[in-house]
There are 2 protein chains.
Amino acid sequence: MNDKIIITIAREYGSGGREIGKKLAEKLSIPFYDKELITRAAEESGIDPDLFENADEKPSNPFWTSLAFNIGTFSSHNPTMNDLPMNDRLFLIQSKTIRKIAQEGSCIIVGRCADYILKNEPNAVHLFIHSTPEDKLNRVINSYGIPSEGAKEFMKKTDRRRAAYYDYYVGEKWAQMEHYDLSINSSTLGISGTVDLIFEFVKMKQNLQR
Amino acid sequence: MNDKIIITIAREYGSGGREIGKKLAEKLSIPFYDKELITRAAEESGIDPDLFENADEKPSNPFWTSLAFNIGTFSSHNPTMNDLPMNDRLFLIQSKTIRKIAQEGSCIIVGRCADYILKNEPNAVHLFIHSTPEDKLNRVINSYGIPSEGAKEFMKKTDRRRAAYYDYYVGEKWAQMEHYDLSINSSTLGISGTVDLIFEFVKMKQNLQR
């Protein structure tokens with residue numbers, strides 16, 4: 001496929017969204033960004049990657065007023081940026097990296113409100129991967145190595161944090177189908193079936209773009 | 001395709017969900033039920049079709065306690081059924097018709113909480129069709145013939161009624177991706193593209209069932 005395609009993947013913890021994204025990227029031969037995004041944002045900004053890692057997908061403070069409506073007005077050259085809490089600064093730098101990556105060419109970006117950051121990008125499709133509670137729990141314990149005791153709580157907590165992160169930076173509720181072109185239950189077709197379905201979807205979308 | 005497949009389609013008003021279902025049914029050569037469900041439920045119960053029509057996708061009283069947890073315990077032979085408000089009785093009769101249709105063979109059923117009624121049916125896939133506000137408004141005015149003045153309000157009201165109906169009978173929030181195998185924005189691929197995508201999805205699901 002030669003046409004540019006940007007795919008953002010939001011995902012419930014344990015849904016296999018990352019694995020689906022990675023396999024899809026291989027199938028499409030395009031770059032894949034999950035944690036890789038942090039490395040790149042750190043490199044480009046000269047900021048310690050550990051700071052990015054600590055702030056990753058965490059809101060500055062979930063009780064604060066939403067930052068969503070300010071995102072567009074900030075840039076790293078804006079002097080008021082330095083007055084922002086560290087997590088917000090990192091979010092804005094990361095957003096800039098996301099936009100830059102999308103400009104460079106086809107890619108898959110997992111999480112980090114990329115659907116919102118790239119919502120006006122004409123070549124982008126936005127996906128959400130969810131799954132049944134049983135499959136998620138099973139994956140979290142058996143693939144991610146989370147101890148079974150407390151795994152359910154850890155899963156819930158991770159999704160709550162992602163929801164708070166989205167809510168804080170986007171100003172909207174997380175995991176709402178209206179933000180996505182396709183929301184897929186990965187339990188229905190399994191990981192490789194879901195990859196195949198998205199692949200078909202992408203091909204159809206690219207045919208329309210031509 | 002010879003394998004049995006039950007497809008339920010929930011949809012936002014104006015998303016083209018009905019048209020997608022109808023075209024998909026033709027492509028799969030399987031029966032399609034939207035308003036047809038009412039006719040059949042009326043025929044089988046001997047109840048005036050106008051009563052069904054009036055109650056169609058309307059909750060008995062949105063302020064009442066949810067009926068969801070009682071559905072399983074009622075049947076038309078249950079003497080307490082006669083004590084229920086008319087809309088609730090019709091809902092239960094209609095639910096029975098939905099289960100009967102699903103038993104008979106492959107089919108597509110639009111709306112009427114069919115995803116919930118058939119949630120334990122192993123051959124079923126549950127879809128939700130949504131769309132951009134612009135496309136919905138355009139379709140409502142230009143295809144459904146709703147006067148442009150007030151079309152937006154009519155659209156919102158219809159979806160609010162569907163949400164109340166779902167909430168009342170299922171006891172859960174409408175239009176939540178977790179209830180569906182696939183939630184699709186029909187604006188992305190258009191009506192025929194969306195039909196093609198679901199067709200691929202159904203083929204993949206059937207291959208897994210074999």
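**Notes on the predicted model**

1. Chain A contains 8 helices and 5 strands. The model is a predicted one. Along the sequence, the elements of chain A are arranged as β-α-β-α-α-α-β-α-β-α-α-β-α.

2. When contacts in chain A between residues at least 6 apart in sequence are considered, 73% of them join residues at least 24 apart.

3. The axes of helix 2 (residues 36-45) of chain B and helix 4 (residues 86-104) of chain B come within 9 Å, with a crossing angle of roughly 105 degrees. Helix 2 of chain B is therefore roughly perpendicular to helix 4 of chain B, because angles of 65 to 115 degrees count as such. On the side of helix 2 of chain B, the contact is made by Leu37(B), Ile38(B), Arg40(B), Ala41(B), Glu44(B) and Ser45(B). Helix 4 of chain B contributes Ile93(B), Gln94(B), Thr97(B), Ile98(B), Lys100(B), Ile101(B) and Glu104(B). Sorted by class, the residues in this contact of helix 2 with helix 4 of chain B are 6 nonpolar, 3 polar and 4 charged.

4. Tyr165(B) and Tyr169(B) are both buried.

5. In chain A, one aromatic cluster is formed by Phe91(A), Tyr165(A), Tyr168(A) and Tyr169(A).

6. A charge placed over a ring is found in each of the following cases. In chain A, the charged end of Lys27(A) sits over the ring of Phe199(A), 4.8 Å from the ring centre. In chain B, Lys27(B) lies over the face of Phe199(B), with 4.8 Å to the ring centre.

7. Where is Glu178(A) found? Glu178(A) lies in the loop between helix 7 (151-170) and strand 5 (182-185) of chain A. The relative accessible area of Glu178(A) is 53%, so Glu178(A) is exposed, the cut-off being over 50%. Leaving aside residues up to four places away in sequence, Glu178(A) touches Glu172(A) and His130(B).

Methods:
Residues are numbered from 1 along each chain as its sequence is written. Chains are lettered from A and ligands numbered from 1 in the order in which they are written. This is a predicted model: local features need pLDDT of at least 70, side-chain atom pairs count only at pLDDT 80 or more; totals for chains, interfaces and linings use all residues. Side-chain values use heavy atoms; hydrogens and water are left out. Axes are lines fitted to C-alpha atoms, for helices over the stretch in contact, and angles run from 0 to 180 degrees between N-to-C directions. Helices (H or I, at least four residues) and strands (E, at least two) are DSSP runs, numbered from the N terminus. Angles under 35 degrees count as roughly parallel, over 145 as roughly antiparallel, 65 to 115 as roughly perpendicular and the rest as oblique. Contact means heavy atoms within 4.5 Å. Ala, Val, Leu, Ile, Met, Phe, Trp, Tyr, Cys and Pro count as nonpolar, Asp, Glu, Lys and Arg as charged, and the others, Gly among them, as polar. Buried means under 20% relative accessible area, exposed over 50%, partly exposed in between (1.4 Å probe, protein chains only). Rings of Phe, Tyr and Trp (its six-membered ring) pair if their centres lie within 6.5 Å; planes under 30 degrees apart count as stacked, over 60 as edge-to-face and the rest as tilted. A charge sits over a ring if NZ of Lys or CZ of Arg is within 6 Å of the ring centre and within 35 degrees of the ring normal.
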